[in-house]
Amino acid sequence: MDREVHMGEIEVAKDDENLVASGIGSCLVITFCDPKQKIGALAHTMLPARRMSFEVRNPKDERRKTNYKSSDTRYADTAIDEMLKRIEALGAKRENIEAKLIGGANMFPALKSDIGEDNISYAREKLKSAGIKLVGECVGGSQGRSMEFFVPSGIVTVKMKF
Amino acid sequence: MQEKLKEINKQAAMNASMALSKLINRPVGIEIPRAEVKRVEELRPLLGLGEIVAGIYLPVTGDIKGAALLVIPKESAFTMSDLLVKRKPGTTRKLTELDESALKEVGNIISGNYLTILSNILQVKVIEHLPSFSFDMFGAIVSQIIVEFARKVDKALVIELEFVFKPEILKGYFILLFEVEQFKALIGSLGEA
């Protein structure tokens, strides 16, 4: 069964389930798989970290204090923490978890947006500091992606325009 | 809101039709069958997230800050390219630089005319910037624009377009995204509480 994971959402899955995300641009999809337990998680994140986005761009905006949620799954940093919490609750072992990254493109290269690149580099760092193995990537460039994550095997397939 | 928005749509469509007809030297009608405010999450079902579209994005600054995006589904973009660059109908199967440039010009015409009328009727200063082009998945294009504005955008004005190149009618969407406070003010100016 396929389950679509939209922007800003996290889903966990066990056994014979596929998690999918379509039309990924600058967003970054992070997948976790514990192949021994056949448990997976997928986060469709939009921005690297809260402190790097809204607060930095809007230092005087009061909303930064009231809108913050530590489980805000739109940001790679809090999403990775939340994924770990949920996948470990299902029995995954951190030392077995294998991570993959998909996305982080810039759909309009003429605009020199750094969001995609920031998403990739921040997620890599965060995974390293959390002690999670990064085993595969399909990131960067200027093309959109759609992906499927087959949870029992951990295989991720990515489709691009051409 | 309906009356002012209808007036903006009518004038913008008329001016854009004239400009586009002049550009390609044959009559083209532009019609706006529907225009409505949607939450950004509701943009997803407009077209499939993985559907290939031509996206022409123009950043907007001035009294209202945001983005204007013209979306033309793949097959319509191919047909429009045939007409714009005067190829035999059904010839375009891949977009060249010339096609991209012609489609960007269509984006300029739609956006320029719409924003000019909007700014005149609502008395706001609007500056549109150079268009950027992407021919890719609808979800990837629209999500990047939403993400650029992070949490500052939550609603969009979605304007359905029909380009009437007789006998062809090609569909597209013109989407305006503005920052939350400015969007509220804009909707307020259009008469909706």
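## Basis of the model

Residues are numbered from 1 along each chain as its sequence is written, and chains are lettered from A and ligands numbered from 1 in the order in which they are written. In this predicted model, local features need pLDDT of at least 70, side-chain atom pairs count only at pLDDT 80 or more, and totals for chains, interfaces and linings use all residues.

## Nonpolar core

The largest nonpolar core comprises 109 residues. Such a core is a set of buried Ala, Val, Leu, Ile, Met, Phe, Trp, Tyr and Cys residues joined through C-beta atoms within 7 Å; a residue is buried if 20 or more other C-beta atoms lie within 10 Å of its own, exposed if 12 or fewer, and partly exposed in between, with C-beta atoms placed from the backbone. The residues with the most contacts inside this core are A:Val29, A:Ile30, A:Leu42, A:Ala76, A:Met83, B:Leu69 and B:Ile175. Its largest share, 8 residues, is supplied by helix H3 (residues 97-122) of chain B. Helices (H or I, at least four residues) and strands (E, at least two) are DSSP runs, numbered from the N terminus.

Apart from neighbours within four places in sequence, A:Met83 is in contact with A:Ile10, A:Ile30, A:Phe32, A:Ala41 and A:Ala43. Contact requires C-beta atoms, placed from the backbone, within 7 Å.

## Helix pair in chain A

The axes of helix H3 (residues 76-89) and helix H4 (residues 115-129) of chain A come within 9 Å and cross at roughly 40°. This makes H3(A) oblique to H4(A) (angles under 35 degrees count as roughly parallel, over 145 as roughly antiparallel, 65 to 115 as roughly perpendicular and the rest as oblique). Axes are lines fitted to C-alpha atoms, for helices over the stretch in contact, and angles run from 0 to 180 degrees between N-to-C directions.

On the H3(A) side, A:Ala76, A:Asp77 and A:Ile80 meet A:Asn119, A:Tyr122, A:Ala123, A:Lys126 and A:Leu127 of H4(A).

## Backbone features

A cis peptide bond, with omega of about 5°, joins B:Lys166 and B:Pro167. B:Pro167 lies in the loop between strand E6 (155-165) and strand E7 (168-178) of chain B.

A:Lys112, although not a glycine, has a positive phi of about 50°. In chain A, the loop between strand E6 (98-103) and H4 holds A:Lys112, which counts as exposed because it has 7 C-beta neighbours inside 10 Å. B:Asn25, also not a glycine, has a positive phi of about 60°. The loop between helix H1 (2-24) and strand E1 (29-39) of chain B contains B:Asn25; with 8 C-beta neighbours inside 10 Å, B:Asn25 counts as exposed.

Technical notes
Contact = placed C-beta atoms within 7 Å.
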